[in-house]
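Please examine the structure shown below together with its sequence.

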Amino acid sequence: MLRNKLHPSFLKFTKAESHNLTKLFCTSKGNMAKSKYEYVKNFELPDPCLPNCWIVVRIDGRGFSRFADIHGYVKPNDVRGLNLMTRAATCVMDEFRDICLAFGQSDEYSFVFRKDTNLFNRRASKLMTVVNSLFASSFVFHWTGFFGPIRLQYPPTFDARVVMYPTDKNLRDYLGWRQADAHVNNLYNTAFWGLVLKKGFSNTQAEERLRGTLASDKNELLFSEFGLNYNNEPPMFRKGTVLIRKLCKTPGDGKLRHVVLPFYTDLIGDMFWRENPEILGMKSLQVYHRPTEENSIIQEHSKSSPKQDTPGSVASPTTNENSLISSEK
């Protein structure tokens, strides 16, 4: 009906021009690439990562102290927030099979790509941006599953960087550095927020009380002031979260599937690397069998430790550490 109302000369014009537009948009991709504007591609700099190096992409929350305050994160550790970070990291590992290990603590996660990966031709900018964007979008996508009715007040921001490590020792030292950082920060935060929340200190007073103290001093303070043995704190808080991929049998049909599993374990010593030789050796995945003794210890710990009742919590550090936060493929 609208066509009948158009002026006849306009109809004649549109018919003529439609033929030209069809020819324009049907031009082959190859011909379009060979335009006078193609020279601008020369301004793009190649940024391939060095060959035969472990590639680490580390994402880190930007301004997350403010984000945590506005969204009511529990101090000093919020199980919901930590599990949400791990869920987002699991989404990244599900998407990119060349990531053999991820380590997370607080508001950061490090993703380790196999040193023989050729994903995106090893372009640093591509690897960094796809990991960072998928992590950030997954964080937002799964927010309500962990924080329930608490709505996001504004979008979270993560920065990212790419670092290459040429040797296995370099990679292990990097992961050891991040895990040591998790321990140092958590010990300080546990003491700091104990003084603020339980003793009524102001933030400035708590900072002054802890200035110049050693790890032994903070441990003594926690025990004498709050009756808290720091070594009994959940390992997820003290050691961070390690994500690796294993083969697990499906409960129903018994088929083996790739599953991303979380571990709260020591990365600095040799035991983890001896138990998981496929990571540095770039070998086939191992079938995972959960130790019976470990189960009993974790279950016993869960009975004696207070739990944080929060909506959407998929894994508590006092529950079976590998049964809840996982992703099947």
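**Briefing on a predicted model**

Threonine 265 is partly exposed, with a relative accessible area of 24%; buried means under 20% relative accessible area, exposed over 50%, and partly exposed in between (1.4 Å probe, protein chains only). This is a predicted model, in which local features need pLDDT of at least 70 and side-chain atom pairs count only at pLDDT 80 or more, while totals for chains, interfaces and linings use all residues. Residues are numbered from 1 along each chain as its sequence is written, and side-chain values use heavy atoms, with hydrogens and water left out.

**The chain as a whole**

- The protein chain contains 14 helices and 7 strands; helices (H or I, at least four residues) and strands (E, at least two) are DSSP runs, numbered from the N terminus.
- Of the 329 residues in the protein chain, 40% are buried.
- The accessible surface of the protein chain is about 19,000 Å², and 55% of that surface belongs to carbon and sulfur atoms. Accessible areas come from the Shrake-Rupley method with a 1.4 Å probe, and for residues only the protein chains shown count as cover.
- Among contacts in the protein chain with a separation of 6 or more, 70% are between residues 24 or more positions apart; contact means heavy atoms within 4.5 Å.

**Two threonines**

- Threonine 265 is located in the loop between β6 (256–263) and α12 (271–275).
- Not counting residues up to four places away in sequence, threonine 265 touches Gln179, Lys239, Val242 and Phe272.
- From C-alpha to C-alpha, threonine 265 and arginine 238 are 9.5 Å apart in space, and they are 27 residues apart in sequence.
- Threonine 241 belongs to strand β5 (residues 241–249). Threonine 241 is buried, its relative accessible area being 4%.
- With residues up to four places away in sequence left out, the residues that threonine 241 touches include Thr86, Tyr109, Met236 and Phe263.

**Aromatic rings**

- A pair of aromatic rings is described by the distance of the centres and the angle of the planes.
- The whole structure holds 23 aromatic pairs. Rings of Phe, Tyr and Trp (its six-membered ring) pair if their centres lie within 6.5 Å; planes under 30 degrees apart count as stacked, over 60 as edge-to-face and the rest as tilted.
- Tyrosine 109 and phenylalanine 135 form a tilted pair, with 6.2 Å from centre to centre and 45° between the planes. This pair links distant parts of the chain, 26 residues apart: tyrosine 109 is in strand β3 (residues 108–113) and phenylalanine 135 is in helix α6 (residues 124–141).
- Both tyrosine 109 and phenylalanine 135 are buried.
- Ring pairs join a cluster of residues, among them Phe64, Tyr73, Tyr109, Phe135, Trp143 and Phe158.
- Arginine 178 lies over the face of tryptophan 177, at 4.2 Å from the ring centre; a charge sits over a ring if NZ of Lys or CZ of Arg is within 6 Å of the ring centre and within 35 degrees of the ring normal.

**Salt bridges**

- Side chains of opposite charge can pair when their charged atoms come close.
- The count comes to 14 salt bridges, a salt bridge being a side-chain nitrogen of Lys or Arg within 4 Å of a carboxyl oxygen of Asp or Glu.
- Aspartate 47 forms a salt bridge with arginine 123, and their closest N and O atoms are 3.7 Å apart. Aspartate 47 lies in the loop between α3 and β1 and arginine 123 in the loop between β3 and α6, so this pair ties together parts that are 76 residues apart in sequence.
- Aspartate 47 is partly exposed at 23% relative accessible area, and arginine 123 is partly exposed at 35% relative accessibility.
- Arginine 114 and aspartate 116 meet through their side chains in a salt bridge of 2.9 Å, N to O.
- Lysine 169 forms a salt bridge with aspartate 173, with the closest N and O atoms 2.8 Å apart. Lysine 169 and aspartate 173 both lie in helix α8 (residues 168–199), 4 residues apart, about one turn of the helix.
- Lysine 169 counts as exposed at 56% relative accessibility, whereas aspartate 173 counts as partly exposed at 42%.
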